[in-house]
Amino acid sequence: MSGTLLSVRDLTLTVQGEGGPRTLIDNVAFDLREGEILGLVGESGSGKSLLCRSLVRLLPSLLIRMESGAIHLQGRDLATISDAEMLKVRGGEIGMIFQNPTSHLDPVMRIGDQIAEGIRYHQRLGAGPARAAAVEILAQVGFPDPKRQYDSYPHEFSGGMRQRAMIGVALSCDPKILIADEPTTALDVTIQAQILTLLMDIRDKRGLSIILITHDLGIVAQTCDRIAVMRAGRLLEQGPKRQILSNPKDPYTINLISSHPSMPEGTAAAMFVPAEAPVAGLPRVKPLLEIDDLHVRFRTGGSLFKGGAKTISAVAGVSLQVMPGETVGIVGESGSGKSTLARAILGLNEISSGHVSFDGVDLAQQRGAGLAKLRREAAMVFQDPYNALNPRLTIGQTLAEVLKVQGKCPPSAIRARVEELLDLVGLEREFATRKPRSMSGGQCQRAGIARALAVDPKLIIADECVAALDVTIQAQIIALFRQLTETMNLTLLFIAHDLAIVRNLCERVIVMYRGEIVEQGRSEEIFARPQHAYTAALIAAIPDIDPDRPLLSRPAPRCDLLPMPVLPAETMP
Amino acid sequence: MSVETISPAPIVRRRLLPRRLTLVVGAGILLVFLVLALTAPLVAPYDPIYQNAEVRLQPPSLAHLFGTDNFGRDILSRVIWGARIDLQIAVIGVLFPFLIGTTVGTVAGFFGGVVDAAFMRLVDIILAFPFLVLMLSIIAILGPGLGSFYIAMALVGWVSYARLIRAQMLVLKSSDYAVAAVSLGFSRTRIMFRHLLPNAIAGSIVFSMSDATLVLLSGAAVSYLGLGVQPPLAEWGVMVAEGQSFITTGWWIAVFPGLSIVTLAFGFSLLGDALGELLGVHE
């Protein structure tokens, strides 16, 4: 923790666009000390990745130029060295890891060879010693059986192991600086926690400096020493972690911190359970949605001649009741069957066995009637806001079509109803004439919600609908959902992998693991006293924005954080 | 590189001509030919099939700008009248394959399964034969003439469109907005033709422009072989064929209709490029 290793001054990048040059990175200056982890935070499009790539001259387009600036790395200015020298810096002194390990590892090259390649190039070692060094690195990044796994290909590993392998590749040349660009965004929380712990371990062991690019302040709070906040190409604020988190100066930073779902304020969701809310388990209220021993299986593999098809159980015996007006969160890692469950409920997937009944109509027995009812009374909100809207139609056309096809309102009233829907989701009325391409992710997601509302639904299923959005936008969409469920007596089934968000929004939580429900109950109960080991692990893996609650090492049940809510005297369903 | 994270830098392609110029030049060329074709009786200085033995094999001069052929017919007038037939070939020869192929591709891609398998095997069978051989055999069966050419084109040409559209449909039908449309209770026909097809079709429209060039050339080739347009009707392919035997003594007989084919093809391909940009095929 001594001297300054990397020092960037007045870095300005511009792109030569059609309307003259545009500034992408505006006069950025920062220092990186030895053995330090610097967190670079900002929304997508803020220029944080571009900034880091420009350090090693890996610019995504020929039209981007470095206008001014100096990048001092141990007495050399990386901005002025030749391209040949830069080759030695890349990998040798500054290593990089990326968000998606699958696309950054060579799929037809053995994992070990990919690590050994860098060692042979940068350290000029022979094949034998390079292999030994690579095995050593594999062990360091947490491969349990490095000698054997040296010869495995990337597709044989899970996402987390691939990310470890990529860290191994970056470490192979013994760099002084590691740039980690959203290294855990594509991973599940529990895996994310492991990778972050690994990064901190490596820093401690090797005295490496790390620049960690992320959009998640929780991650920064957990791992970094200092924080730099970027927005629109400018470095708004930088300083020691605790200072920034507890005493942010810039309004944007303040907003960013208050948007973080792990803020204790979020638990207020648990408090507003209204007294008249239908209480699960009481006989007089009929459940809106009843799922009984639902199985969804897919056939996979096999061929026409050989057979050998396997059956994968995506949903294995799920039973569930959702009362009208309830907000239920379904959490679980990728592959746990939450999306399949959602689609099965809406009749978009075939049901292998079991029953789904919506408002008293059984989907398995009366498929036609059940589907007709579902289509008119249930709607879905999707993960990728751009992919969920037809790019050729304006928002007005999209909404009007739903109204027209469903015959929910007379043709003369469609225009007024479209405007009403836009008002409901907080979009200006002029959006009726815009196409998704000219809108931001958050605006598209609002339009997607408006389309769901156009059905006048009793039930909305939101499938990871904020996962693709920036934190501040996430907070806005969550607030919108909260407001809609409160005012419109909607039943909301909210699917997410992010437990913090679910805790914020939902009264009841269902935890899924490998196609089964392992735990369900009131949010505050589950988060305070998880019964199942998997739930406990999930909760413990959420990176908290409070740096004093370290990742994984804190005790799983965190009763201290949650205010004890006044609970209705009833047992969990 | 992960694209999501480098969003601030729009990757701008360097292009040969600005988009607007491509569109204007391409559309302009087509427009000139269209006007010539429509006003042929007015603008053509001579009767295209009138044979004047006194002016046989005249090189280009003020009286005959493009010269005359071995029958003393004015090449310029024949090129202008030929535009009528060649434009017709390009349009009809593309339109029917486009319509058939788009419908087949949409249905095959959307429904999948047996329907898809059946249509795609048919496509494979058609593709197994060399294009011209198949064309010529169909025309030979139906008898020479433009009508047979159009039928043969429709029977053979649709396969490329079907494959293009089908591939797009396969991708689009699992997109979220398709799933959303299903979950909103839209009918299959509506999803197929209102939601998916408009998003799938851009590539085919662009391809149809370069296909027009190919059709034009195969029309010329078929006429050259004596199976398409029959003499003395003026058609550029036929004219090139007729001029072939005089290429050393009367180069202008084959060169001017040949240049017309090239120019019209150039116009189509420029327009195709411009349309591709406009419809966002490259995005």
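In chain B, helix H1 spans residues 19–38 and contains B:Val35; helices here are DSSP runs (H or I) of at least four residues, numbered from the N terminus. The model is predicted, with local features needing pLDDT of at least 70 and side-chain atom pairs counting only at pLDDT 80 or more, while totals for chains, interfaces and linings use all residues. Residues are numbered from 1 along each chain as its sequence is written, chains are lettered from A in the order in which they are written, and side-chain values use heavy atoms, without hydrogens and water.

B:Val35 is partly exposed, at a relative accessible area of 45% (between 20% and 50%, 1.4 Å probe, protein chains only). Together with B:Leu31, B:Leu34 and B:Leu38, B:Val35 makes a nonpolar surface patch of about 390 Å² (nonpolar side chains joined within 5 Å, from residues with over 30% relative accessible area and no salt bridge).

Between chain B and chain A, about 3,200 Å² is buried, and carbon and sulfur atoms give 58% of this area (accessible area lost on being put together, 1.4 Å probe, summed over both parts). Chain A contributes 41 residues to the contact and chain B 31 (heavy atoms within 4.5 Å). The two chains are linked by 3 salt bridges (a side-chain nitrogen of Lys or Arg within 4 Å of a carboxyl oxygen of Asp or Glu). B:Arg194 forms a salt bridge with A:Glu401, with 3.0 Å between the closest N and O atoms.

The average pLDDT of chain A is 82, and 89% of its residues score at least 70 (the predictor's confidence in each residue, from 0 to 100). Over residues 553–573 of chain A, pLDDT is below 50. Where pLDDT is low, the predicted coordinates should not be read in detail.

Methods. Patches are made of residues with over 30% relative accessible area and no salt bridge: like charges are joined within 9 Å, nonpolar side chains (Val, Leu, Ile, Met, Phe, Trp, Tyr) within 5 Å. Accessible areas come from the Shrake-Rupley method with a 1.4 Å probe; for residues, only the protein chains shown count as cover. Helices (H or I, at least four residues) and strands (E, at least two) are DSSP runs, numbered from the N terminus. Buried area is the accessible area (1.4 Å probe) that two parts lose on being put together, summed over both.
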